[in-house]
Every structure is written in C-alpha cells, then in structure tokens.
Amino acid sequence: MTQNLDHTSGAVPQSALLPPHELAAATELIQRVLGQLDQTLLGRQQLHRMVLVGILSRGHILLEGLPGVGKTALIKALGQTLHLQFNRVQFTPDLMPSDILGTHILRETPGGGREMAFQTGPVFTNILLADEINRASPKTQSALLEAMQEGSVTLLGQTRALPRPFFVLASQNPIELEGTYPLPEAQLDRFLFKLTVSDVNVDVLTEIIATRRRGEPPAPDKALSAVDLDLLLATMERIYLPRPVCRYISRLVAATHPRTAEATDEVNSYVTYGASPRAAIAMAEAARAHALLEGRPSAGFEDVKAVAAPVMNHRLILNYKARFDQISTLSIVQQLLDRLDEAGLKLPADVIIQRPKKVRA
Amino acid sequence: MTDHQRVVANTRARIRTILGLRTAVAVLSAWLLVWGTAVFVLRGTLLVSRESLLWGLLGVVAAVVFGAVVAVRRCPSADTVRAMLDGHWQCGGLLMATGDVDTGDWPINIPSAATPSVHWQGGRQYGILLCCTTFLLASFLIPTRFLGELASHRLLVGAEVEKLAEKVQLLKEEKILPPERAKSLEMALEQLQRDASGSDPAKTWEAMDHLEQSIAQASAEAAEDAARDAEKAARAEELAAALDKAQGQMSPNDLNEAMNVLAQDVKRAADEDELMADTLSEELKAACENGSLNAEQLTELAHALGMCKGCDLRRLQNLAAARLIDPALLEQMQAQCEIDPEGLAAMLSELEDSSGLEDLLAKSGKPGRGGVDRGRGDAEMTWTDGTNRDDVDFREKVLPPAVVASLKDSRLQGISVGDPTAAAASEPSTGGSLDASAAGRGSARTQVILPEHRKVIQRYFAREAAGKIKAPANP
C-alpha cells in the first residue's frame, strides 16, 4: 500500500504552539505504536523509541548488530504496525543494482509488437528492509543513493518516484566480520540514525524463551491506519524548534570538526572529518520527533542530547590514532555533549552560575 | 510580569553585576598600578606633592564606569538566559518558545525563587587588586627623603628653598622689598628648585648663595634704616617727653630753643621715615615747626614718636626672628632706644643758660656713656696724656733663618752610594782586542764601571788585598 504523505513544505513561521488537545491525539497514537513494538520485541524499549523517532523524522535507519539479536524482526514488526507496504531484500555479494531498483524487460504487446517494459524492483515500497546491507558490493550499495536521498529511481534516463513515505531500514553485521563491504561515507551519511542493537539481558531472554515458541513474536493486532500516520506526520510538522536549540545543534555539529572554536581536545586529536550539514538537519528533525514522543509541543536541549549520538556516531570519521587508543565515536560525542554550554552564554570561565535545586511549583 | 520573566530579569541583573564587578576589578587593578607608578616616579623625580597627585581618583571612577559599560555590553540577551534556564529546568523548549510564539495553554511552572546564583571565583583578581592598592598607598606614604635618595640625580634643596621663600615673604610683608623684586625672587627660587640637579650641585648652591646674599643684603639695609629711624624717633620722643615734663620749669628762651631742636629732629626724622611722616598729623607738624607745641601736643607727639619707634623695633624683631639680622643688633637697638625723659627733664630744668642747651641735647643722644669697654664705635674718643717711651726696653730675640726658597719645593728622589760624579751611561768601549793586557790575561773590552758599582769594587779589591779571598784556581 502506497501512502502519499508529502509534508516536506518549507519552513513556515509559527505564531503559536500546538494546542495540548491536538498534541494529545498524536501522542496517543505514538504510545499505541510503541506498545505494539514493545509487545512484539521484548526488552528493546529504547531502541523502539529511537526507531520511531527516525520514522517520524522521515529518515532512514541503519541497525547494526550481531546476527540473531532481532534486527529483522523489529523492522518487520514496524512495517506491520504502521500498516505500510514492506519489502525485504537480502543483500548478498552477487546482488546487482537491478535486483533492487528494477529492470527493463522485452515483452510482447497485445498487438503483436514488442516493447521494453520496466519491471519495478523491491525498492518501490514504503519500507525497504535491506538486510545485511554490508554484504552487497559497493556498486549495489550505491544503487540506493538516489532512492534514499531523492525518493526516486532513474533508469535509462527516466526518473520514477518512489511511494511516499519511503524508509530504508538497513541492518548490517559489524564490519570486522569476513565477507563484508563497509558502507561508503556518502551512503552512511544518508542514514538518519545508526542504532546499535545489543544483546538482551538474561531476564529478557528468559521471557522470550518462556513465552515464544520458536521465538516467533506475536502478530501486531493494532495497526495504524493511513489517516493516523498522516496525522502523526502532520503533527510532527508543527513541533516548534526554538532558535537557541537550532544554534545549539549548529554549534554541536561545528564542534565535531577539528580545530574549530568549540572543538574539544578529543575532537582535535581523533577526528579526521566531522559531521556534515546533513547531520545538523537530521538532528533538528530528530529532536522534533523526540519532543513529540515526549508529548511536548517544542523541542528542547534534552531532545537534542537524546538524538545526538545516533545521528552523529556514523558521521564522524576517526583517524588511526583513535583506533589505536580505542576511542569510539560515541565517547567523543558524549564528551561534546558534556562540555558544550547549551545556551552559549559565553561567560568568562571564572564566572559560575550555580543553579538552585530544581523545585517545581 | 510572570514568574519566569522575573527569573530571567533577575538572572540577567546578577550576571550584569558580576561582570561589572569583574571588569571593574581588573581595570581598577591596572589603573592603580599605573597610578602608583606615576605617583612613585613623579614624587621621586619632580618632588610633586601628594595633594597634586590625587587626580588619579578620577581613574577609579572611570574604572567603575567602564566596568558597568562592559557589563551591559557583555551581558547575555534575554533569549540566551531564557535558553539557559530552559535547559536547567528541562522545560523542553517551552520557556524558550515564550520569547517567540504564543504558548497558549501550555504551563510554564518556574518558581520565582529559582533564580540561579551567579558567583565569581575572583580570588586571584582580588589579590592583584590588593597588591596594586598596597603599592599605590606605599607610593603615596613613602617619605620624600627616601624617594630623593632613590632619585640620586635630584638635588634636594626643598628645605633651603622653602626657608628662602619664607624670608622673601617676610621682606615682602614688611615692605622691605618692592613687590616686583619679591616676585622675581620667588620665581628665581622656583626655577632653582626645578633645575636643582645632583650632577652639578655647585651651580645650584652658588645660585642659592647668590639669592641668599641678595636677601641678606636687603635685610641688612632695611635693618640699618630701621635702626636709624628708631634711634631718631627715640631721641625725639625723649626730648618731647622731657619738654612735656619740664615745660613749666624752663625759661621761655630755653624752651624756645629746645622746641627748635625738637622741630629739627622731628623734621629730619619725618623726611627720612615715611612711617613717621604718615603718623604725624599736619597740625602737629605745623605746631612743631612753629615751636608752639602745648602740653597736650607734646604728649601726642611723644606718643606718635613712640609708635614709630615701636614699629621700627618690631620690624627689627621680625628680621631677627627670621635670622635675617644678628639678634645682638636687636638687643643693642632696644637698649639704644630706651629713653629717660625724667633725667633729661631734670637736666633741662637745671640748665642755667641756653648756650649749653644745644651741647646738652647733642650729648644726650650720643653713645659712649656706658664706660670704657662698652659702647659703639662712633662714640666720641677721649684723649689723655701721651705714653712716655722713656725707660722702656725691648727684649732682644733671635729670629730663625728664613726658609731656603730653592729647596722649599724640592723632593727626595734617592741617595746615591758613590761619588757624586756623573758619568755618561753610553760611554763607548775604549781600546781594541787585548788592549793593555798582560800575557795570559786581558779582555777584549774595557768594562765601564758605573759610579754605583765603584764602591763595591773598591771594597772587593780591598778585601782581596787583605788576603780574605782566595783567587780561583785555573781550570
């Protein structure tokens, strides 16, 4: 089922915040989706929230984790819950671009003639599950570049639009494993999030074994309708992003570049290339979506902090020194979040603002 | 104003205060250091007084104003402070949104007492300010003499110049020096103090000596005039008082003669003493010249003359107090100006004929009545019989010879041991090879025996002749 939910209009100056009752309807839908996902996959609440943030931000998500941790199951459950068309492609080394995008075939017309007809590939869907995307060759991986960024496919000079909304949810094994092709930087930058799917703990594992035969999750019973998804995306458009938060995002992304004004020592030492402007855009959208998940009409600094790590952890290119010192991207992003002043007061270092203990009236 | 607006305003005010304090302390420290250095240098080199260096207080005010301006300019905007508070209270952007959009029914609950406190960890800056303040105070309070020693090229003549200035001021007040002359002397003193240099102190001291000499000369002349006027006034006063007392006991001729003498004395004194001329009334002068002074006018005249004498003596006292004249001169003048009208009146009463009046009056004002070892140099000499030189012998005494002029400036260079015969040091060798030599002996050169060696050689041969030295064996 193809939904045409194009809300990518330009920025419109907002004069008022979203009223509480309008936001409450969207929040209720989101909580329903989260409940379905949490019921389907046990012990992954935080991962489910971030995936939903990515979906609301219209971004593509890269899930990284070892085999068998539930990446594919999560994406399948998400497709069923959102009631969107879902295709799955198992990426292999011999997979060709035409296997994903589609190809032209020669066929006979009813009049007896012959013509080249386009046979669509699995990319023509709402949710594309690119399973083990790093097992395909770079050539095939790059076939998704236009589809992910432009939402269209161009073959033989003809551009065909993909259904709206279009999400790529890719999974990959850690790149240290044999027989894989690391994703090129341009490809990585097109993913909104890179989420790490870690192992579940013993309690969750016990619950899975005890309640699921052969580990099969229960089918979602409350799927969203197209109208509901439309409402969610429309509400997302009205989440207010204050100017100081925009500036904080900009400063945060700028600080990932070495030898800039607010770059930390770790950035100067370990980062070769910082995050791109696309990262700032993605972070702003993700912050709005996170605020919507929290039931707020505006995004704050805490929303930025919540999404900063998954937005930037695949966009920073570290040098060999970082690998030698076992410095991860996440640790560098976390240091940036800890040290960067949110509001940018630019006060002297010896002027301390001691905030009183929080007392809610 | 809502609670959150009040919190934002209070927070900005606190930040402004701290920023202003921080900037003011920094600027003030720098200014106090500069000011202290300026005070130290100006006091040490130009001997500028402390009071004239208080202009630096304006810098303190400027520092505070500058701190306030910087605080206003550097203070974060309301939006920035609102964002800071939003982040702290985790308002999720609601507080930030209040500055841009209508928040509608969304509650923003921030207690008004939640204004964050702003602290400045300025211990180091406070320490620097304290050090600079201490330096400034030390620059102000350090005694001038220590600064003068530090500035070794300065010649400290301040005290001497001050003394001279006081003397000039006194001479100016006593109208001894005309105002133009006094002003030129004061300017010369100031110039002298400015130009006093330790590198050439003789020039300064010479100039000061010259000034002091000028002042002393003017003082001496003034003292001489004052003494003379006081003496004349005293004599006239004595006569006037004596006539007042002896007026009824004198014959008309004597009285008339005495009046003439008094009129001449008063006129002479008034001509030379402006003070007296101003003090005596015209009526009194006319009566004095006419010789028609009655008892009342005589009393008035004596009183006026006494005032003139007192003024002259007071001037002398001031000059003596300022050490411009010898205090002994003052005592002498005070003794000289003491009058004895009763005694003079008695003598005038006992005067038999008017021919001796002038001699009496002339003697009454003359010195030399204190004995043979007292009195002034202008006392009248009294001669007795000449000394008899007969029967007087002078004791014979042999004087030592005069010093030889040619040896007065001679200098001992040394004592020669030989005969005082000079020999040329470059005397050539005489004779040729084996000249005047016997067989087996001789020398190719005749050794020149210098005078200082001659005595030794003679002694050597004298001993050889006595057989005390053995001749060396031939190899």
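The structure is a predicted model: local features require a pLDDT of at least 70, side-chain atom pairs count only at pLDDT 80 or more, and totals for chains, interfaces and linings use all residues. Residues are numbered from 1 along each chain as its sequence is written, while chains are lettered from A and ligands numbered from 1 in the order in which they are written.

**The two chains**

Select chain A and colour by secondary structure. Chain A has 15 helices and 12 strands; helices (H or I, at least four residues) and strands (E, at least two) are DSSP runs, numbered from the N terminus. Of its 361 residues, 42% are buried. A residue is buried if 20 or more other C-beta atoms lie within 10 Å of its own, exposed if 12 or fewer, and partly exposed in between, with C-beta atoms placed from the backbone. In chain A, 78% of the contacts with a separation of 6 or more join residues 24 or more positions apart. Two residues are in contact if their C-beta atoms, placed from the backbone, lie within 7 Å.

Now select chain B, which has 18 helices and one strand. Buried residues account for 26% of its 475 residues. Of the contacts in chain B between residues at least 6 apart in sequence, 74% join residues at least 24 apart.

**The open sheet of chain A**

Return to chain A and show its strands. Five of them form an open sheet in the order β2-β5-β8-β1-β9, with parallel pairing; two strands pair if DSSP finds at least two bridges between them. At the edges are β2 (86–90) and β9 (191–196) of chain A, each of which pairs on one side only. Neighbouring strands of the sheet are turned by 15° against each other on average, direction ignored. Axes are lines fitted to C-alpha atoms, for helices over the stretch in contact, and angles run from 0 to 180 degrees between N-to-C directions.

Select β2(A) together with β5 (residues 127–131) of chain A: five bridges join them in the parallel sense. Gln90(A) has Asp131(A) in β5(A) as its bridge partner.

**A hairpin**

Select residues 102–108 and 114–120 of chain A, which are strands β3 and β4. Seven bridges join these antiparallel strands, and Ile105(A) is paired with Ala117(A) in β4(A). The two strands form a hairpin with five residues between them, and Gly112(A) in the turn has a positive phi of about 95°. Is β4(A) buried or in the open? Of its seven residues, the number buried is zero, so β4(A) lies largely in the open.

**Two crossing helices**

Select helix α2 (residues 45–56) and helix α12 (residues 277–294) of chain A. Their axes come within 8 Å and cross at roughly 120°. The helices are therefore oblique to each other: angles under 35 degrees count as roughly parallel, over 145 as roughly antiparallel, 65 to 115 as roughly perpendicular and the rest as oblique. Show the side chains of Arg49(A), Leu52(A), Val53(A) and Leu56(A) in α2(A), which meet Ala286(A), Ala289(A), His290(A), Leu292(A) and Leu293(A) in α12(A).

**Where the chains meet**

Display both chains together. The contact takes 37 residues from chain B and 36 from chain A. On the chain B side, the elements giving two or more residues are α1 (3–45), α3 (78–89), α4 (94–97) and β1 (117–120). Of these, α3(B) gives the most, with eight residues.

Select β12 (residues 351–354) of chain A with β1(B): they run antiparallel and are joined by four bridges. Here Ile353(A) is paired with Val118(B).

Finally, select Pro244(A), in helix α10 (residues 243–254) of chain A. Pro244(A) is buried, with 26 other C-beta atoms within 10 Å. Which residues does Pro244(A) contact, leaving aside its neighbours within four places in sequence? They are Ala343(A), Asp79(B), Thr80(B), Ala83(B) and Met96(B).
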